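Here is a short report for a first look.

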Amino acid sequence: ISTTWDPIPWLRVRASRSRDIRAAGFRELYYQQSIQKGAPNGRVTNAFTGLTNDETFVLLTGAGDPLPETANTNTVGFVLAPQNWAQGLEFSVDYYEIDLKDGIQRGSSQLVVNNCRDSFNLTGTLDACGLVEFGLVNGAPNTADIEAVLAPYYNDLPYEAEGLDFSGNYTFDIGANRSMSLRLLASHALKQQVVIGTGRLVRDLAGQVGNEGFLPDYTSAPDWSINLIASYNSGPFTITTQGRYTSEGTLDQVSPRRDPSDPLYDPTRVNSIVDNTVSAYFTQNVTASYDFEVRDTQAEVWLSVNNLWDKDPPFSAGGTGGVNGIFYDRLGRTYRMGVRLNF
């Protein structure tokens, strides 16, 4: 449901509320990965005995019938569109708020074992441990020896997000058959709260720009992400430049990593790091095109240069390459050229 209100000709106020639904995707339905006993992840903490490295065969799978994710999204904002003194200008600001419940997340072998232990403590039987296989002693399950764990995807991932989206467009003439257009797209993350791991740790990822790791159920959210596009048109010739800016952020707020600037920094802990910050990053792309006619056929030749200044990306991921490719360019300066024909 949405509503708009135009109190004066150049101002529009708008708001909306939606009920959003997402069904499980291919990975969440059919994913399958087997981890052999003794491998780096082929072990669990035995919740019955406290043994921290009980070597266990782990099978991560998709879920046959997960419930669809549901969320409520609220937005409110305004649009400025002056008529006389700034003809062609339009600027908008929108606040958004997303509250998602029962998100679909990857299975956790440790959570399965913990739930099995909890149900055993309540009932005194192993009837609820259908996803756990124990070793046998005299034909009876031995809780001191966990042989295998089946960990399917499941519904239990909450997610909350708040932020501001900015958009601006301004087109104006600068002479006969010549014009300029400017476009601004910006996003400011106020909150991106997720729950991590079997310990149900709450983390706010607003301001994190580092990589999220292997098959994450969440994504990073820089404090500011800005795109500014300027285009000049003169008859058949057009040149456009795009500047992309990602604000300074942190490498990891999930663990979380802590560096000497953090009051809780402790160099003896495994999550300590020399520097948890990632510097601000700006790149510029340029595209030029020229329209012409060949034998009654409309044609266009174009050339684009991405990362014009060949800006190196900052270290922003612990995985291969050390760069989060969502926010930073990993290729360096690249060139593309082509021709388009309309018959």
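## Salt bridges

A salt bridge is a side-chain nitrogen of Lys or Arg within 4 Å of a carboxyl oxygen of Asp or Glu. The model shown here is predicted. A search of the whole structure finds 13 salt bridges. One of them joins the side chains of E28 and R22, at 2.7 Å from N to O. E28 is buried, with 8% relative accessible area. R22 is partly exposed, at 34%. A network of salt bridges links R22, E28 and E69.

Another salt bridge joins R200 and D156, at 3.2 Å from N to O. R200 lies in the loop between β12 (178-196) and β13 (201-204), and D156 lies in strand β11, so this pair ties together parts 44 residues apart in sequence. R200 is partly exposed, with a relative accessible area of 36%. D156 counts as partly exposed too, at 30%. Strand β11 also holds E160, which pairs with K191 in strand β12, so parts 31 residues apart in sequence are tied together. The closest N and O atoms of E160 and K191 are 2.9 Å apart. E160 is partly exposed, at 26% relative accessible area.

## The second largest pocket

The second largest pocket has a volume of about 240 Å³. Its lining has 15 residues, and E69, L157, Y159, D217 and Y218 lie nearest the centre.

What is the make-up of the lining, in nonpolar, polar and charged residues? It divides into 8 nonpolar, 2 polar and 5 charged.

## Aromatic pairs

The structure holds 8 aromatic pairs. In one of them, the ring centres of F48 and F120 are 5.8 Å apart and the planes stand at 70°, so the pair is edge-to-face. The cut-off for that label is over 60 degrees. F48 lies in the loop between β4 (43-44) and β5 (54-55), while F120 lies in helix α2 (residues 109-123), so the pair ties together parts 72 residues apart in sequence.

F48 is partly exposed, at 21% relative accessible area. F120 is partly exposed as well, at 28%. Ring pairs link F48, F120 and F134 into a cluster.

## Y265 in its loop

Y265 sits in the loop between β16 (249-250) and β17 (277-278). Y265 is partly exposed, at 29% relative accessibility. Leaving out residues up to four places away in sequence, Y265 touches R258, D259, P260, S272 and I273. The C-alpha atoms of Y265 and T52 are separated by 26 Å, and the two residues are 213 apart along the chain.

Methods
Residues numbered from 1 in each chain as written. Predicted model: local features only at pLDDT ≥ 70, side-chain atom pairs only at ≥ 80, totals over all residues. Heavy atoms only, no water. Phe/Tyr/Trp six-rings, centres within 6.5 Å; stacked < 30°, edge-to-face > 60°. Helix = DSSP H or I, 4+ residues; strand = E, 2+ residues; numbered from the N terminus. Buried < 20%, exposed > 50% of the residue type's maximum accessible area, 1.4 Å probe, protein only. 1 Å grid on protein atoms, 1.4 Å probe; cavity = no way out; pocket = protein on both sides within 12 Å on 5 of 7 lines; lining within 4 Å. Points joined across faces, edges and corners; volume = space filled by probe spheres on them. Nonpolar A, V, L, I, M, F, W, Y, C, P; charged D, E, K, R; others polar. Contact = heavy atoms within 4.5 Å.
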